[in-house]
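Please walk through this protein with the model open beside the text.

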Amino acid sequence: TEHRQYADLWNQGIFITAAAGNQGSGTVNAYPAAYHHIVSVGSTTVDKKRAFYSNYNNNVDFVAPGDDVRTLSSSNLNGYQNPPPSGTSYSTGYVAGIAALLMSKFPTKSNDEIYRALAETAEDLGPKFRDREFGYGFVDVIGAAKYLEESPVQVPTCRSDEYLFTIVAKTDSKGEEAAWQLYRNSVVVYEDMMHKDNAESQFQGCFPKNGCYYLKAYDVIGNGRDSTASYSLTVNDYELIKIQKVSKESVTSENFGSCNPIVFPPKCVDLVVTYRAKANPTRRSRGSKMTVSSKNPDEVLWTETAGVNLAT
């Protein structure tokens, strides 16, 4: 199929971009941009607002300048087009150029790594992480280059009103077919495509507690082949979701978050009991003291200073 051909090209190291479309619609999915292995690009105005003509949907990956682009005229070799043209096709070339620069500077990086760098460093123009209008946001070539140069990313530090999500995906022998999407309030906020066979990837991010979430694992080719790829989602340190097998085109987890509160199991701590008493074990000692604390010596949980019968 056409989708399979694009998947094969992506896995061969060809970074494919396509225009999101110029209908200004939230319901039109323009192809080939809507295919999973193609980077869909929308347009922004000079003040980084969504251009009125730029399509918006869950397939948009990034946005870039596309409004009133100063372009050489094909009829006047000494001048520019007047008025300047606009469209998501111009934005697509912008993102393709950035991807080419990154691939030339980091020739050992895969398409997936280039894509992740762009997603992690894009300027967020809408709700946190991904949204329908801007995707992951406005591409940032300098930020993406720094991301690729740095050492492995540390665990994010979340605010008190956020959860730390850790999503781990493990592929089987058909890695190019496996993918997952994280939804918040019915909108995709993050997704990951797995392309290597028998591999593992991990994503971590801080997400607002006041949202209704679910995890969707699916077959990006859509052939309904039984997959043994597995997916897990951990909230803080608690594994909340485990998808062991995708036996149809997609499997969706139960909702969780503000719509279905997460019940975390009680945390267990190792206790240290310190008991100090007078030397005479046959007498009731008013000087005895028992302290119960965690392994943190500064955290005292309970202290008993009343008399204790030392003979028991």
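This is a predicted model: local features need pLDDT of at least 70, side-chain atom pairs count only at pLDDT 80 or more; totals for chains, interfaces and linings use all residues.

The paragraphs below take up one topic at a time.

The mean pLDDT of the protein is 82. A pLDDT of 70 or more is reached by 81% of the residues.

Next come the covalent links. How many disulfides does the count come to? It comes to two. One of them pairs Cys158 with Cys206, with the sulfur atoms 2.0 Å apart. This pair links distant parts of the chain, 48 residues apart. Cys158 sits in the loop between α4 (141-149) and β4 (162-170), while Cys206 sits in strand β7 (residues 200-208). The torsion about the S-S bond of Cys158 and Cys206 is about -85°, so this disulfide is left-handed. Is each end buried or partly exposed? Cys158 is partly exposed, at 25% relative accessibility. Cys206 is buried, with a relative accessible area of 7%.

Another disulfide joins Cys212 to Cys259, again with an S to S distance of 2.0 Å. Cys212 lies in strand β8 (residues 212-219) and Cys259 in the loop between β12 (256-257) and β13 (271-276), so the pair ties together parts that are 47 residues apart in sequence. The link of Cys212 and Cys259 is right-handed, with 75° about the S-S bond. Cys212 has a relative accessible area of 17%. The cut-off for buried is under 20%, so Cys212 counts as buried. Cys259 is partly exposed, at 40% relative accessibility. Counting bonded cysteines along the chain, the disulfide pattern is 1-2, 3-4.

Now look at the rings. A pair of aromatic rings is described by the distance of the centres and the angle of the planes. The count of aromatic pairs in this protein comes to 22. One of them is the pair of Tyr183 and Tyr214, which is stacked, at 4.6 Å centre to centre with 10° between the planes. Tyr183 belongs to strand β5 (residues 178-184) and Tyr214 to strand β8, so placed that the pair links distant parts of the chain, 31 residues apart. Both tyrosines, Tyr183 and Tyr214, are buried.

Charged side chains meet rings too. The charged end of Lys48 sits over the ring of Phe138, 4.6 Å from the ring centre. Arg70 lies over the face of Tyr80, at 4.0 Å from the ring centre.

Stay with the strands for a moment. Thr166 is in strand β4. Thr166 counts as buried, at 10% relative accessibility. Which side chain does Thr166 join through a polar contact of 2.9 Å? The partner is the side chain of Gln204. Beyond four places in sequence, Thr166 also touches Gln202, Phe203, Ser232, Leu233 and Thr234.

Turn to helix α3, residues 111-121. The side chain of Asn111 reaches the backbone oxygen of Trp10 at 2.9 Å. Leaving aside neighbours within four places in sequence, Asn111 is in contact with Trp10, Gly13, Ile14, Phe15 and Met103.

Finish at a buried loop residue. Ile38 is placed in the loop between β1 (17-19) and β2 (39-44). At 2% relative accessibility, Ile38 counts as buried. Leaving aside neighbours within four places in sequence, the contacts of Ile38 include Tyr6, Ile16, Thr17 and Ala18. Pro32, Ala33 and Asp61 are also in contact with Ile38. Val60 is 22 residues from Ile38 along the chain, and their C-alpha atoms are separated by 10.0 Å.

Technical notes. Residues are numbered from 1 along each chain as its sequence is written. Side-chain values use heavy atoms; hydrogens and water are left out. Helices (H or I, at least four residues) and strands (E, at least two) are DSSP runs, numbered from the N terminus. Buried means under 20% relative accessible area, exposed over 50%, partly exposed in between (1.4 Å probe, protein chains only). Contact means heavy atoms within 4.5 Å. A polar contact is a pair of N or O atoms within 3.5 Å; within protein, one must be able to donate a hydrogen and the other to accept it, and residues adjacent in sequence count only if both atoms are side-chain atoms. A disulfide is a pair of cysteine sulfur atoms within 2.5 Å. Rings of Phe, Tyr and Trp (its six-membered ring) pair if their centres lie within 6.5 Å; planes under 30 degrees apart count as stacked, over 60 as edge-to-face and the rest as tilted. A charge sits over a ring if NZ of Lys or CZ of Arg is within 6 Å of the ring centre and within 35 degrees of the ring normal. pLDDT is the predictor's confidence in each residue, from 0 to 100.
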